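Q: Could you walk me through this one, starting with how the chains are divided up and then moving on to how they meet?

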Amino acid sequence: MGGDEIASPEARADAVAEALVEKGHLPEGALDAVERIEEGLDWHNGARVVARAWTDPAYRARLLADGTAACAELGFEGPQGEYIVVLEDTPERKNLIVCTQCSCTAWPVLGLPPDWYKSPEYRARVVREPRRVLREMGLELEPEIEVRVWDTTAETRYLVLPLRPEGTDGFTEDQLAALVMREAMIGVARVPSPT
Amino acid sequence: MDGIYDLGGVAGFGAVEVEADEPTFHEPWEATAFRINLASIGFLRAYNADEYRHAIERMQPVHYLQARYYERVLTGATTLLVEKGVLDLADLERRAGGRIPLALPVRPNPGDGRSEPREPRFRCGARVRVRDDHKPGHTRVPRYVRGRTGTVVHVAPPFSYPDASSHGLPKRCEATYHVEFEASELWGDDAETNAPVVVDLWESYLEEA
(Lines give C-alpha, C1' and ligand atoms only; values in the text may rest on other atoms or scores of the structure.)
Protein backbone atom coordinates (compact mmCIF):
# COMPACT_ATOMS: atom_id res chain seq x y z
CA MET A 1 0.00 0.00 0.00
CA GLY A 2 1.04 3.60 -0.52
CA GLY A 3 0.58 6.49 1.88
CA ASP A 4 -2.70 7.86 3.26
CA GLU A 5 -2.68 10.91 1.02
CA ILE A 6 -4.32 10.84 -2.40
CA ALA A 7 -1.65 10.42 -5.04
CA SER A 8 -1.33 13.16 -7.65
CA PRO A 9 -2.94 12.46 -11.03
CA GLU A 10 0.57 12.35 -12.47
CA ALA A 11 1.64 9.61 -10.04
CA ARG A 12 -1.58 7.70 -10.68
CA ALA A 13 -1.21 7.88 -14.49
CA ASP A 14 2.40 6.76 -14.32
CA ALA A 15 1.50 3.89 -11.97
CA VAL A 16 -1.19 2.56 -14.32
CA ALA A 17 0.97 2.92 -17.44
CA GLU A 18 3.91 1.20 -15.73
CA ALA A 19 1.77 -1.66 -14.40
CA LEU A 20 0.11 -2.28 -17.78
CA VAL A 21 3.48 -2.71 -19.49
CA GLU A 22 5.27 -4.51 -16.65
CA LYS A 23 2.50 -7.09 -16.26
CA GLY A 24 2.50 -7.72 -19.99
CA HIS A 25 -0.96 -6.32 -20.77
CA LEU A 26 0.49 -3.82 -23.20
CA PRO A 27 3.61 -4.35 -25.26
CA GLU A 28 6.43 -1.85 -24.89
CA GLY A 29 5.65 1.09 -27.16
CA ALA A 30 1.88 0.50 -27.30
CA LEU A 31 1.15 3.88 -25.72
CA ASP A 32 3.45 5.53 -28.27
CA ALA A 33 1.37 3.92 -31.02
CA VAL A 34 -1.65 5.73 -29.60
CA GLU A 35 0.34 8.94 -29.80
CA ARG A 36 0.64 8.46 -33.55
CA ILE A 37 -3.17 8.14 -33.80
CA GLU A 38 -3.46 11.36 -31.79
CA GLU A 39 -1.32 13.27 -34.25
CA GLY A 40 -4.00 12.73 -36.91
CA LEU A 41 -6.70 14.25 -34.68
CA ASP A 42 -6.36 17.88 -35.59
CA TRP A 43 -8.94 20.64 -36.02
CA HIS A 44 -6.92 21.99 -38.94
CA ASN A 45 -8.35 19.00 -40.84
CA GLY A 46 -11.80 20.48 -40.30
CA ALA A 47 -10.56 23.81 -41.61
CA ARG A 48 -9.51 22.04 -44.81
CA VAL A 49 -12.98 20.50 -45.13
CA VAL A 50 -14.62 23.90 -44.67
CA ALA A 51 -12.34 25.62 -47.19
CA ARG A 52 -13.02 22.90 -49.76
CA ALA A 53 -16.77 23.27 -49.22
CA TRP A 54 -16.48 27.03 -49.72
CA THR A 55 -14.69 26.66 -53.05
CA ASP A 56 -16.18 23.51 -54.55
CA PRO A 57 -20.00 23.42 -54.77
CA ALA A 58 -20.05 19.72 -55.70
CA TYR A 59 -17.95 18.88 -52.63
CA ARG A 60 -20.21 21.05 -50.46
CA ALA A 61 -23.23 19.09 -51.66
CA ARG A 62 -21.49 15.77 -50.93
CA LEU A 63 -20.42 17.04 -47.50
CA LEU A 64 -23.95 18.01 -46.51
CA ALA A 65 -25.40 14.77 -47.87
CA ASP A 66 -22.82 12.44 -46.29
CA GLY A 67 -20.35 14.12 -43.95
CA THR A 68 -18.54 10.89 -43.06
CA ALA A 69 -17.72 10.05 -46.69
CA ALA A 70 -16.83 13.62 -47.66
CA CYS A 71 -14.40 13.97 -44.73
CA ALA A 72 -12.89 10.57 -45.55
CA GLU A 73 -12.42 11.77 -49.15
CA LEU A 74 -9.84 14.22 -47.77
CA GLY A 75 -8.32 11.50 -45.58
CA PHE A 76 -10.03 12.48 -42.33
CA GLU A 77 -11.54 9.45 -40.62
CA GLY A 78 -10.96 7.29 -37.57
CA PRO A 79 -12.10 7.05 -33.96
CA GLN A 80 -15.02 9.34 -33.10
CA GLY A 81 -15.54 10.00 -36.80
CA GLU A 82 -17.69 6.97 -37.62
CA TYR A 83 -20.79 9.03 -38.42
CA ILE A 84 -20.24 12.73 -39.10
CA VAL A 85 -23.14 15.09 -39.83
CA VAL A 86 -22.29 18.56 -41.11
CA LEU A 87 -24.48 21.47 -39.98
CA GLU A 88 -24.74 24.31 -42.47
CA ASP A 89 -24.86 27.84 -41.09
CA THR A 90 -27.00 30.23 -43.12
CA PRO A 91 -27.73 33.95 -42.70
CA GLU A 92 -30.90 32.87 -40.84
CA ARG A 93 -29.47 30.02 -38.74
CA LYS A 94 -26.47 29.60 -36.43
CA ASN A 95 -25.60 26.05 -35.37
CA LEU A 96 -23.82 25.20 -32.16
CA ILE A 97 -22.41 21.91 -30.83
CA VAL A 98 -22.20 20.68 -27.23
CA CYS A 99 -21.97 17.39 -25.37
CA THR A 100 -23.82 17.95 -22.10
CA GLN A 101 -23.11 14.52 -20.58
CA CYS A 102 -19.42 14.08 -21.41
CA SER A 103 -17.37 15.75 -24.13
CA CYS A 104 -17.99 13.89 -27.40
CA THR A 105 -16.46 15.54 -30.47
CA ALA A 106 -15.68 14.57 -34.08
CA TRP A 107 -11.99 13.91 -33.38
CA PRO A 108 -10.78 13.48 -37.01
CA VAL A 109 -11.98 16.96 -38.00
CA LEU A 110 -12.23 18.88 -34.69
CA GLY A 111 -9.34 17.26 -32.82
CA LEU A 112 -9.46 16.54 -29.12
CA PRO A 113 -11.76 19.19 -27.64
CA PRO A 114 -10.54 22.27 -25.75
CA ASP A 115 -11.08 22.73 -22.01
CA TRP A 116 -13.88 25.28 -22.38
CA TYR A 117 -15.93 22.78 -24.41
CA LYS A 118 -15.46 20.20 -21.64
CA SER A 119 -16.22 22.66 -18.82
CA PRO A 120 -19.35 22.33 -16.66
CA GLU A 121 -20.07 25.98 -17.47
CA TYR A 122 -20.44 25.38 -21.22
CA ARG A 123 -22.15 22.00 -20.89
CA ALA A 124 -24.71 23.23 -18.35
CA ARG A 125 -25.54 26.61 -19.83
CA VAL A 126 -25.42 26.43 -23.60
CA VAL A 127 -28.56 24.32 -24.06
CA ARG A 128 -30.54 26.62 -21.80
CA GLU A 129 -29.28 30.09 -22.67
CA PRO A 130 -27.26 29.84 -25.88
CA ARG A 131 -27.69 33.49 -26.86
CA ARG A 132 -26.41 34.69 -23.52
CA VAL A 133 -23.43 32.31 -23.61
CA LEU A 134 -22.57 33.36 -27.18
CA ARG A 135 -22.85 37.05 -26.23
CA GLU A 136 -20.46 36.48 -23.33
CA MET A 137 -18.10 34.73 -25.74
CA GLY A 138 -18.22 37.70 -28.09
CA LEU A 139 -20.88 36.71 -30.62
CA GLU A 140 -24.02 38.84 -30.58
CA LEU A 141 -26.85 37.29 -32.63
CA GLU A 142 -29.87 39.24 -33.84
CA PRO A 143 -33.16 37.81 -32.45
CA GLU A 144 -34.37 36.84 -35.93
CA ILE A 145 -31.37 34.52 -36.40
CA GLU A 146 -32.23 31.06 -35.11
CA VAL A 147 -29.61 29.53 -32.82
CA ARG A 148 -29.85 25.78 -32.99
CA VAL A 149 -28.01 23.79 -30.34
CA TRP A 150 -26.99 20.18 -31.12
CA ASP A 151 -26.38 18.00 -28.06
CA THR A 152 -24.01 15.11 -28.88
CA THR A 153 -25.84 12.47 -26.85
CA ALA A 154 -25.47 9.41 -29.11
CA GLU A 155 -23.00 8.38 -31.82
CA THR A 156 -23.46 11.17 -34.37
CA ARG A 157 -20.53 13.58 -34.39
CA TYR A 158 -21.20 17.08 -35.71
CA LEU A 159 -19.18 19.66 -37.62
CA VAL A 160 -20.48 23.19 -38.21
CA LEU A 161 -19.93 24.56 -41.72
CA PRO A 162 -19.65 28.29 -41.01
CA LEU A 163 -20.52 31.12 -43.40
CA ARG A 164 -17.72 32.17 -45.72
CA PRO A 165 -16.66 35.66 -44.64
CA GLU A 166 -16.95 38.75 -46.83
CA GLY A 167 -13.82 39.97 -48.57
CA THR A 168 -12.50 36.55 -49.55
CA ASP A 169 -13.33 36.54 -53.26
CA GLY A 170 -10.47 35.00 -55.20
CA PHE A 171 -8.91 33.43 -52.10
CA THR A 172 -7.33 30.03 -52.63
CA GLU A 173 -8.39 27.02 -50.61
CA ASP A 174 -5.22 27.29 -48.51
CA GLN A 175 -5.85 30.96 -47.78
CA LEU A 176 -9.41 30.20 -46.74
CA ALA A 177 -8.39 27.25 -44.55
CA ALA A 178 -6.00 29.56 -42.71
CA LEU A 179 -8.93 31.80 -41.71
CA VAL A 180 -11.05 29.03 -40.17
CA MET A 181 -10.79 28.60 -36.38
CA ARG A 182 -11.91 25.65 -34.28
CA GLU A 183 -14.47 27.84 -32.44
CA ALA A 184 -16.28 28.52 -35.74
CA MET A 185 -16.56 24.78 -36.45
CA ILE A 186 -18.01 24.16 -32.96
CA GLY A 187 -20.27 27.11 -33.63
CA VAL A 188 -19.46 29.67 -30.93
CA ALA A 189 -17.83 32.13 -33.36
CA ARG A 190 -18.07 33.35 -36.93
CA VAL A 191 -15.09 33.23 -39.24
CA PRO A 192 -13.97 36.88 -39.39
CA SER A 193 -13.22 38.71 -42.62
CA PRO A 194 -9.50 39.03 -43.34
CA THR A 195 -8.02 42.35 -42.29
CA MET B 1 -28.53 7.20 -13.42
CA ASP B 2 -29.68 10.70 -12.50
CA GLY B 3 -26.10 11.80 -11.88
CA ILE B 4 -23.97 14.92 -11.56
CA TYR B 5 -22.49 14.33 -15.04
CA ASP B 6 -25.85 15.13 -16.63
CA LEU B 7 -25.24 18.86 -16.63
CA GLY B 8 -27.52 20.17 -19.41
CA GLY B 9 -29.67 23.00 -18.07
CA VAL B 10 -28.24 22.98 -14.53
CA ALA B 11 -28.21 26.58 -13.28
CA GLY B 12 -25.60 28.36 -11.20
CA PHE B 13 -22.52 28.05 -13.38
CA GLY B 14 -20.54 31.14 -14.37
CA ALA B 15 -18.80 32.35 -17.51
CA VAL B 16 -17.17 30.03 -20.04
CA GLU B 17 -13.43 30.75 -19.97
CA VAL B 18 -11.63 30.29 -23.28
CA GLU B 19 -7.86 29.84 -23.19
CA ALA B 20 -6.08 31.34 -26.19
CA ASP B 21 -3.85 28.92 -28.17
CA GLU B 22 -4.71 26.08 -25.82
CA PRO B 23 -2.44 23.01 -26.09
CA THR B 24 -4.07 19.58 -26.53
CA PHE B 25 -2.56 18.48 -23.21
CA HIS B 26 -1.54 20.88 -20.45
CA GLU B 27 0.75 18.40 -18.71
CA PRO B 28 2.38 15.16 -19.89
CA TRP B 29 0.30 12.97 -17.53
CA GLU B 30 -2.87 14.13 -19.35
CA ALA B 31 -1.54 12.54 -22.53
CA THR B 32 -0.65 9.40 -20.57
CA ALA B 33 -4.20 9.22 -19.18
CA PHE B 34 -5.70 9.62 -22.65
CA ARG B 35 -3.42 6.94 -24.13
CA ILE B 36 -4.05 4.48 -21.28
CA ASN B 37 -7.77 4.72 -21.95
CA LEU B 38 -7.58 4.46 -25.73
CA ALA B 39 -5.19 1.50 -25.53
CA SER B 40 -7.37 -0.22 -22.90
CA ILE B 41 -10.44 0.07 -25.15
CA GLY B 42 -8.92 -0.39 -28.61
CA PHE B 43 -5.91 -2.61 -28.03
CA LEU B 44 -6.44 -4.44 -24.74
CA ARG B 45 -10.25 -4.57 -25.19
CA ALA B 46 -10.53 -4.54 -21.40
CA TYR B 47 -13.83 -2.61 -21.62
CA ASN B 48 -15.97 -0.79 -24.16
CA ALA B 49 -16.62 2.93 -24.66
CA ASP B 50 -20.04 2.76 -22.99
CA GLU B 51 -18.60 1.11 -19.88
CA TYR B 52 -15.93 3.82 -19.90
CA ARG B 53 -18.46 6.67 -20.04
CA HIS B 54 -20.41 5.08 -17.24
CA ALA B 55 -17.31 4.60 -15.08
CA ILE B 56 -16.77 8.38 -15.23
CA GLU B 57 -20.44 8.97 -14.44
CA ARG B 58 -20.04 6.79 -11.34
CA MET B 59 -17.33 9.04 -9.89
CA GLN B 60 -18.09 10.46 -6.48
CA PRO B 61 -19.99 13.68 -7.40
CA VAL B 62 -17.71 16.17 -5.64
CA HIS B 63 -14.65 14.49 -7.15
CA TYR B 64 -16.34 14.59 -10.57
CA LEU B 65 -16.88 18.34 -10.45
CA GLN B 66 -13.45 19.14 -9.03
CA ALA B 67 -11.45 16.89 -11.35
CA ARG B 68 -10.16 18.27 -14.61
CA TYR B 69 -11.17 16.39 -17.75
CA TYR B 70 -8.15 14.09 -18.00
CA GLU B 71 -8.35 13.25 -14.30
CA ARG B 72 -11.87 11.99 -15.02
CA VAL B 73 -10.53 9.98 -17.98
CA LEU B 74 -7.83 8.51 -15.74
CA THR B 75 -10.27 7.71 -12.93
CA GLY B 76 -12.72 5.99 -15.29
CA ALA B 77 -9.97 3.91 -16.94
CA THR B 78 -8.31 2.97 -13.64
CA THR B 79 -11.64 1.99 -12.09
CA LEU B 80 -12.44 -0.39 -14.94
CA LEU B 81 -8.95 -1.89 -15.11
CA VAL B 82 -9.25 -2.69 -11.38
CA GLU B 83 -12.89 -3.88 -11.58
CA LYS B 84 -12.09 -6.17 -14.53
CA GLY B 85 -9.17 -7.68 -12.64
CA VAL B 86 -6.56 -6.43 -15.11
CA LEU B 87 -4.71 -4.44 -12.45
CA ASP B 88 -4.59 -4.63 -8.67
CA LEU B 89 -5.47 -1.53 -6.65
CA ALA B 90 -3.00 -2.19 -3.82
CA ASP B 91 -0.20 -2.64 -6.34
CA LEU B 92 -1.16 0.60 -8.11
CA GLU B 93 -1.28 2.53 -4.83
CA ARG B 94 2.13 1.21 -3.89
CA ARG B 95 3.51 2.35 -7.23
CA ALA B 96 1.80 5.74 -6.97
CA GLY B 97 2.87 6.27 -3.36
CA GLY B 98 -0.61 7.29 -2.23
CA ARG B 99 -4.31 6.53 -2.43
CA ILE B 100 -6.06 6.20 -5.79
CA PRO B 101 -9.71 7.31 -5.74
CA LEU B 102 -11.91 5.12 -7.92
CA ALA B 103 -15.50 5.54 -9.10
CA LEU B 104 -18.29 4.09 -6.95
CA PRO B 105 -19.62 0.57 -7.66
CA VAL B 106 -21.85 -0.04 -10.65
CA ARG B 107 -25.60 -0.48 -10.23
CA PRO B 108 -26.86 -2.54 -13.17
CA ASN B 109 -29.69 -1.64 -15.50
CA PRO B 110 -32.45 -4.24 -15.73
CA GLY B 111 -32.61 -5.93 -19.15
CA ASP B 112 -35.71 -4.90 -21.08
CA GLY B 113 -35.96 -8.03 -23.27
CA ARG B 114 -36.35 -6.02 -26.47
CA SER B 115 -34.91 -7.42 -29.67
CA GLU B 116 -33.12 -5.59 -32.45
CA PRO B 117 -35.69 -3.67 -34.51
CA ARG B 118 -35.76 -4.56 -38.21
CA GLU B 119 -36.21 -1.00 -39.40
CA PRO B 120 -36.50 2.43 -37.80
CA ARG B 121 -39.87 2.97 -36.15
CA PHE B 122 -40.03 6.74 -36.68
CA ARG B 123 -39.58 8.87 -39.78
CA CYS B 124 -38.51 12.47 -40.26
CA GLY B 125 -41.28 14.78 -39.14
CA ALA B 126 -42.67 12.33 -36.56
CA ARG B 127 -43.70 13.78 -33.20
CA VAL B 128 -42.11 11.82 -30.37
CA ARG B 129 -42.09 11.96 -26.58
CA VAL B 130 -39.07 10.98 -24.52
CA ARG B 131 -39.83 8.25 -21.99
CA ASP B 132 -39.48 9.42 -18.39
CA ASP B 133 -37.22 6.58 -17.27
CA HIS B 134 -34.95 6.78 -14.23
CA LYS B 135 -32.48 3.93 -14.68
CA PRO B 136 -29.98 3.04 -11.95
CA GLY B 137 -27.20 2.44 -14.50
CA HIS B 138 -25.99 4.05 -17.71
CA THR B 139 -28.32 5.87 -20.08
CA ARG B 140 -27.79 8.64 -22.61
CA VAL B 141 -31.09 10.45 -22.12
CA PRO B 142 -30.39 13.85 -20.59
CA ARG B 143 -32.75 14.76 -17.75
CA TYR B 144 -33.73 17.98 -19.49
CA VAL B 145 -35.62 16.18 -22.30
CA ARG B 146 -37.35 13.43 -20.31
CA GLY B 147 -41.10 13.55 -20.77
CA ARG B 148 -40.73 16.29 -23.41
CA THR B 149 -42.12 16.22 -26.93
CA GLY B 150 -40.16 17.03 -30.07
CA THR B 151 -39.90 16.41 -33.80
CA VAL B 152 -37.61 13.96 -35.58
CA VAL B 153 -35.38 15.91 -38.01
CA HIS B 154 -32.95 13.12 -38.98
CA VAL B 155 -32.72 9.33 -38.68
CA ALA B 156 -29.16 8.13 -38.04
CA PRO B 157 -27.94 4.57 -38.68
CA PRO B 158 -28.30 1.87 -36.02
CA PHE B 159 -25.77 1.97 -33.19
CA SER B 160 -25.27 -0.26 -30.17
CA TYR B 161 -27.78 0.58 -27.43
CA PRO B 162 -25.60 1.90 -24.60
CA ASP B 163 -27.98 1.14 -21.71
CA ALA B 164 -27.33 -2.54 -22.51
CA SER B 165 -23.72 -2.56 -23.77
CA SER B 166 -22.48 -0.63 -20.73
CA HIS B 167 -23.79 -3.38 -18.44
CA GLY B 168 -22.90 -6.59 -20.26
CA LEU B 169 -26.48 -7.12 -21.46
CA PRO B 170 -27.11 -8.65 -24.93
CA LYS B 171 -25.97 -6.23 -27.63
CA ARG B 172 -28.59 -4.75 -29.87
CA CYS B 173 -28.34 -1.99 -32.44
CA GLU B 174 -31.11 0.47 -33.12
CA ALA B 175 -31.51 3.76 -34.97
CA THR B 176 -30.86 7.03 -33.22
CA TYR B 177 -32.99 10.07 -33.99
CA HIS B 178 -32.07 13.73 -34.04
CA VAL B 179 -35.06 15.15 -32.19
CA GLU B 180 -35.67 18.89 -32.19
CA PHE B 181 -37.25 20.47 -29.11
CA GLU B 182 -38.60 24.01 -28.99
CA ALA B 183 -36.85 25.99 -26.26
CA SER B 184 -40.18 26.72 -24.53
CA GLU B 185 -40.92 22.97 -24.35
CA LEU B 186 -37.71 22.52 -22.36
CA TRP B 187 -37.35 25.72 -20.36
CA GLY B 188 -40.85 27.19 -20.13
CA ASP B 189 -41.86 30.80 -20.57
CA ASP B 190 -38.43 32.17 -19.68
CA ALA B 191 -36.75 30.33 -22.56
CA GLU B 192 -34.74 32.31 -25.08
CA THR B 193 -36.61 32.88 -28.34
CA ASN B 194 -35.70 31.10 -31.54
CA ALA B 195 -33.30 28.70 -29.75
CA PRO B 196 -34.30 25.05 -30.32
CA VAL B 197 -32.18 22.15 -29.07
CA VAL B 198 -31.59 18.96 -31.07
CA VAL B 199 -30.83 15.82 -29.05
CA ASP B 200 -29.65 12.47 -30.50
CA LEU B 201 -31.77 9.69 -28.97
CA TRP B 202 -31.91 5.90 -29.34
CA GLU B 203 -35.25 4.47 -30.45
CA SER B 204 -35.90 2.78 -27.10
CA TYR B 205 -35.90 6.19 -25.41
CA LEU B 206 -38.85 7.39 -27.51
CA GLU B 207 -42.57 6.82 -27.82
CA GLU B 208 -45.13 8.19 -30.23
CA ALA B 209 -46.49 11.56 -29.12
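Domains, interface and sheet

A: Chain A is divided into domain 1 (9-39) and domain 2 (43-186), where the bounds come from an automatic or database domain assignment. This is a predicted model, in which local features need pLDDT of at least 70 and side-chain atom pairs count only at pLDDT 80 or more, while totals for chains, interfaces and linings use all residues. Residues are numbered from 1 along each chain as its sequence is written, and chains are lettered from A and ligands numbered from 1 in the order in which they are written.

Q: How many Å apart are the C-alpha centres of those domains of chain A?
A: The centres of domain 1 of chain A and domain 2 of chain A, taken over C-alpha atoms, lie 32 Å apart.

Q: And what does the assignment give for chain B?
A: Chain B has domain 1 (1-106) and domain 2 (127-208), and their C-alpha centres are separated by 25 Å.

Q: How many residues of domain 1 of chain B are in contact with domain 2 of chain B?
A: Twelve residues of domain 1 of chain B are in contact with eleven residues of domain 2 of chain B, a contact being two residues whose C-beta atoms, placed from the backbone, lie within 7 Å. On the domain 1 side, the residues that touch domain 2 of chain B divide into two nonpolar, four polar and six charged; here Ala, Val, Leu, Ile, Met, Phe, Trp, Tyr, Cys and Pro count as nonpolar, Asp, Glu, Lys and Arg as charged, and the others, Gly among them, as polar.

Q: Switching to the two chains, how many residues does each give to the contact?
A: Chain B gives 67 residues and chain A gives 63 residues. Among the elements that give two or more residues to the chain B side are α1 (28-42), α4 (69-83) and β3 (173-181) of chain B, helices (H or I, at least four residues) and strands (E, at least two) being DSSP runs numbered from the N terminus. By class, that side of chain B has 39 nonpolar, twelve polar and 16 charged residues.

Q: What is the order of the strands in the open sheet?
A: Seven strands form the open sheet, in the order β2(A)-β3(A)-β4(B)-β3(B)-β2(B)-β1(B)-β5(B), with mixed pairing; two strands pair if DSSP finds at least two bridges between them. The edge strands, each pairing on one side only, are β2 (93-98) of chain A and β5 (206-208) of chain B.

Q: Which strands does β4(B) join, and how do they run?
A: Three bridges join β4(B) to strand β3 (residues 146-151) of chain A, and these two run parallel, whereas six bridges join β4(B) to β3(B), and that pair runs antiparallel.

Q: Which residues stand opposite B:Val198 in that strand?
A: A:Trp150 stands opposite B:Val198, and B:Glu180 also stands opposite B:Val198 in β4(B).

Q: Last topic: how many helices and strands does each chain have?
A: Chain A has eleven helices and four strands, and chain B has seven helices and five strands, with the elements of chain B running α-α-α-α-α-β-β-α-β-α-β-β from the N terminus on.

Q: What share of each chain counts as buried?
A: Of the 195 residues in chain A, 50% are buried, and of the 209 residues of chain B, 43% are; a residue is buried if 20 or more other C-beta atoms lie within 10 Å of its own, exposed if 12 or fewer, and partly exposed in between, with C-beta atoms placed from the backbone.
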